Amino acid sequence: MMLLGAVRSTTTAEITIQLLRQVTLPALLILIGLTLQRWEWDRLIRIALFISVANSLYMLLELSGIRLIDPNILAASYGNTVVQYEGLPGYYFHYDSALTMSIRAGGLFLNPPVAGLVVAVGSVIAWHTLRGKIRYILVTLQMLAVYSSFGRGGFVVAAVGIFLPILIGRFGRFFAFVIPVYPAYLIYNEIVTSGSSASHSEGLFYGVTTAIIRPFGDGFGSVGNFVKLVTRDTEASESLAGVALVAGGLAVLVFLVLLLIALVRRVFQNPFLWPAALGIGGLITALFSESTGALNGTIPLWLAIGVALGPASKSFLKLRQGRNAIVRS
């Protein structure tokens, strides 16, 4: 469907390639995750945790006003499309609903939303794989880094990845579904009302509407942040799912719904299968953010979905059985 969307693209070849890469590589990573063995996943998340901690330390250094790497290095790759202010790219500034400005930390990735996602994934890994004081120290460090990025997607990934398995384990499936409703409502309002525009929600709604009205989609070119930066033709620009829905139509919508249902079923069946919770957080974030398509920082996020649905998930079931046996004894 994505290739058909590229063929039917209404924009330039350069933008089409960017958008095609943005939506197809996450799908490829999910497929790779389906083939991973548990030891391969464990090795990958150790690397991801190391990168996350290093990134967190640099982000906190940024809060003190020290930037060892010029953020404009990345901004220069966008040409003249990035607005500059006080020597920083425009996306380094956060505006709340009262238009109060704050400077964001971009980390080693020179991009605040992506940096926030990186450390959010790291916090989930640290919480579920470490024990003792080091777990609380690293999770606290990484959550401070998420806050410094003002990355709403990072907060969603961390909250779902950490707390959903806890809620299921302690309160059961029903309350694990009911309890997050109000916090989810608050988060949704923050996503819609905060930032420089309403493009976070418009991208998703435009994509869903297009998929329903035109089941085969419209192809690439009418939605996406890259389209907005280069052509200024759209405000519906901050949803990775929206880009895929407009390009692929109803089939993409059905796929996303089934994928989300499959992940929810997996983590409800086994709360110790935390990659499923991490994947749910990633999918929710992809509804309102294109940063999840930045593969320089979100590879573990997409691999987690494949791990949760693939053969490696069985080892988490063994872990659950082993812990239950310890409790019974």
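Residues are numbered from 1 along each chain as its sequence is written, and side-chain values use heavy atoms, with hydrogens and water left out. Because the model is predicted, local features need a pLDDT of at least 70 and side-chain atom pairs count only at pLDDT 80 or more, while totals for chains, interfaces and linings use all residues.

The average pLDDT (the predictor's confidence in each residue, from 0 to 100) is 83 for the chain, and 81% of the residues score at least 70. Residues 322-329 fall below 50, and this stretch has 2 contacts (heavy atoms within 4.5 Å) beyond near neighbours in sequence. Where pLDDT is low, the predicted coordinates should not be read in detail.

Helices here are DSSP runs (H or I, at least four residues), numbered from the N terminus. Helix 14 (residues 299-309) packs against helix 2 (residues 13-35) at about 45°, with the axes 7 Å apart; axes are lines fitted to C-alpha atoms over the stretch in contact, and angles run from 0 to 180 degrees between N-to-C directions. The pair is therefore oblique, the class left once angles under 35 degrees (roughly parallel), over 145 (roughly antiparallel) and 65 to 115 (roughly perpendicular) are set aside. Residues making the contact include Pro26, Leu29 and Ile30 of helix 2 and Trp302, Ile305 and Val307 of helix 14. The contact residues divide into 11 nonpolar, 2 polar and no charged; Ala, Val, Leu, Ile, Met, Phe, Trp, Tyr, Cys and Pro count as nonpolar, Asp, Glu, Lys and Arg as charged, and the others, Gly among them, as polar.

Helix 14 also meets helix 13 (residues 274-288), where the axes come within 8 Å and cross at roughly 130°, so these helices are oblique to each other. Among the residues in this contact are Leu278, Gly279 and Leu283 of helix 13, and Trp302, Ile305 and Val307 of helix 14. The division is 12 nonpolar, 2 polar and no charged.

Helix 11 (residues 240-248) and helix 12 (residues 250-269) pack at about 135° with axes 6 Å apart, which makes them oblique. Their contact includes Ala244 and Leu245 of helix 11 and Val252 and Leu256 of helix 12.

Side chains of opposite charge can pair when their charged atoms come close. The model has 3 salt bridges, each a side-chain nitrogen of Lys or Arg within 4 Å of a carboxyl oxygen of Asp or Glu. One of them joins Asp42 and Arg38, with the closest N and O atoms 3.0 Å apart. Asp42 and Arg38 are separated by about one helical turn because they lie 4 residues apart in helix 3 (residues 38-63).

Conventions:
Helices (H or I, at least four residues) and strands (E, at least two) are DSSP runs, numbered from the N terminus.
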